[in-house]
Amino acid sequence: MTDCVSDALYRDTVFLDPDLNLSRSGHVCFSMKVLFIGDIVGKIGRQTVRALLPNLVSRYKIGLVIANGENAAAGFGITEKTAVELFGSGIHVITTGNHVWDKKEVLPYIAKENRLLRPLNFPTGTPGTGSIVCAATGGERVAVVNISGRVFMNTLDCPFRTGREEIDRLRKETGVIIVDFHAEATSEKRAFGYYMDGLASAVIGTHTHVQTADETILDGGTAYITDAGMTGPATSVIGIEKDQIIERFLTLMPRKYDVAEGKAMLSGVVVEINAENGRATGIQRLQITYP
Ligand SMILES: [Fe+2]
Ligand SMILES: [Fe+2]
């Protein structure tokens, strides 16, 4: 395993000390860490999570693991089998996005498994749920919310208004709230991050599969990154075999796409949160190659 934990751009917002629960004076403080894993692509992505997650959880003393799994089943969608495998690997909550319905068999499963989220702002009556309140390993209550953008994407309910309403509701249950904002446009993602500043503990972007280097803590205490990146084949075009995508751009002809093979990469962020007030105190990007 090659560990390529990135140095953060905003040094004042970053923690690098894995000794989580001790303040400098040695007193116990009420901080917790959440690991968010960017879009898991195919079997290679699932295998990478299974191989790397136990070490990450113990190294960073992670209390809750969230992952976007919209591409977990052969690159397109998620099934009961792949979701169960991801839960078995140590992921507590799975978020999704525009690819959630690519495998039809997910429909009965998502209707009964509330740890598998779909975007909150899908039309009323859509199966599944867009948020959950769960307990981290330290007992802290954490809300996870999945919301989709709509710029260059499907026209859904307004993510800003729907998201605000849901977060106001969830804040009556817990101050620790993690949002997966699944969106294409960096402008929409950054605007959403600022809109949620001081309301959510973290707004973590997904969907583009390319990790951005703009992680920061906003003025109101919300950890933010435009995109957490992808967990899947490193040599690929956002997870797909590169020559297939090049051919598509050259010919504009439709074709079947395969998840690329070879070396893999786990991408994500670790967010440190003061569990007493819900404010983030640190965010750190991870990009780890495997094997
Ligand atoms: Fe994705
Ligand atoms: Fe997506």
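A: Let us start with a term: a residue is buried if 20 or more other C-beta atoms lie within 10 Å of its own, exposed if 12 or fewer do, and partly exposed in between, with C-beta atoms placed from the backbone. Helices (H or I, at least four residues) and strands (E, at least two) are DSSP runs, numbered from the N terminus. This is a predicted model, in which local features need pLDDT of at least 70 and side-chain atom pairs count only at pLDDT 80 or more, while totals for chains, interfaces and linings use all residues. Residues are numbered from 1 along each chain as its sequence is written, chains are lettered from A, and ligands are numbered from 1 in the order in which they are written.

Q: Which residues of α2 are buried?

A: In α2, T82, A83 and L86 are buried. The arc is taken from the directions that lead from the helix axis to the C-beta atoms. Looking down the axis of α2, the buried residues stay within an arc of 100°, so they line one face of the helix. Their cover includes α1 (42–60), β3, β4 (93–95) and α3 (106–112). By contrast, G88, which is also in α2, is exposed, with 9 other C-beta atoms within 10 Å. G88 lies 48 residues from I40 in sequence and 15 Å from I40 in space, C-alpha to C-alpha. After α2 comes G90, with a positive phi near 115°.

Q: Let me try the next helix. Which residues of α5 are buried?

A: Helix α5 spans residues 186–195, and E188, K189, F192 and G193 are buried in it. They fall within an arc of 135° when seen down the axis of α5, so they line one face of the helix. Their packing partners are α4 (159–170), β7 (177–182), β8 (202–206) and β10 (223–225).

Q: In what order do the strands of the six-stranded open sheet run?

A: Two strands pair if DSSP finds at least two bridges between them. Here the order is β5-β6-β7-β8-β10-β9, and the pairing is mixed. At the edges sit β5 (131–135) and β9 (216–217), each pairing on one side only. Inside the sheet, β8 and β10 run parallel and are joined by three bridges. Have a look at A202, which stands opposite A223 in β10.

Q: How do α4 and α5 lie relative to the strands?

A: Axes are lines fitted to C-alpha atoms (for helices, over the stretch in contact), and angles between N-to-C directions run from 0 to 180 degrees. Helix α4 lies across β5, β6 (141–148) and β7, at about 170° to β6. Helix α5 lies across β7, β8 and β10, at about 170° to β8.

Q: What does V179 touch?

A: Two residues are in contact if their C-beta atoms lie within 7 Å. Setting aside neighbours within four places in sequence, V179 contacts V145, I147, M196, A200, A202, V203 and I204.

Q: Which backbone angles deserve a look?

A: A74 is not a glycine, yet its phi is positive, about 55°. This residue sits in the loop between β3 (64–68) and α2 (80–88), and A74 is partly exposed, with 16 other C-beta atoms within 10 Å. I238 also has a positive phi, near 40°; its place is the loop between β11 (232–233) and α6 (242–251). I238 is partly exposed, with 18 C-beta neighbours inside 10 Å. Finally, Y290 and P291 are joined by a cis peptide bond, with omega about 0°. P291 belongs to the segment after β13 (280–290).

Q: What does the whole protein look like in numbers?

A: The protein has six helices and 13 strands. Its C-alpha trace spans about 60 × 45 × 35 Å along the principal axes, and 47% of the 291 residues are buried.
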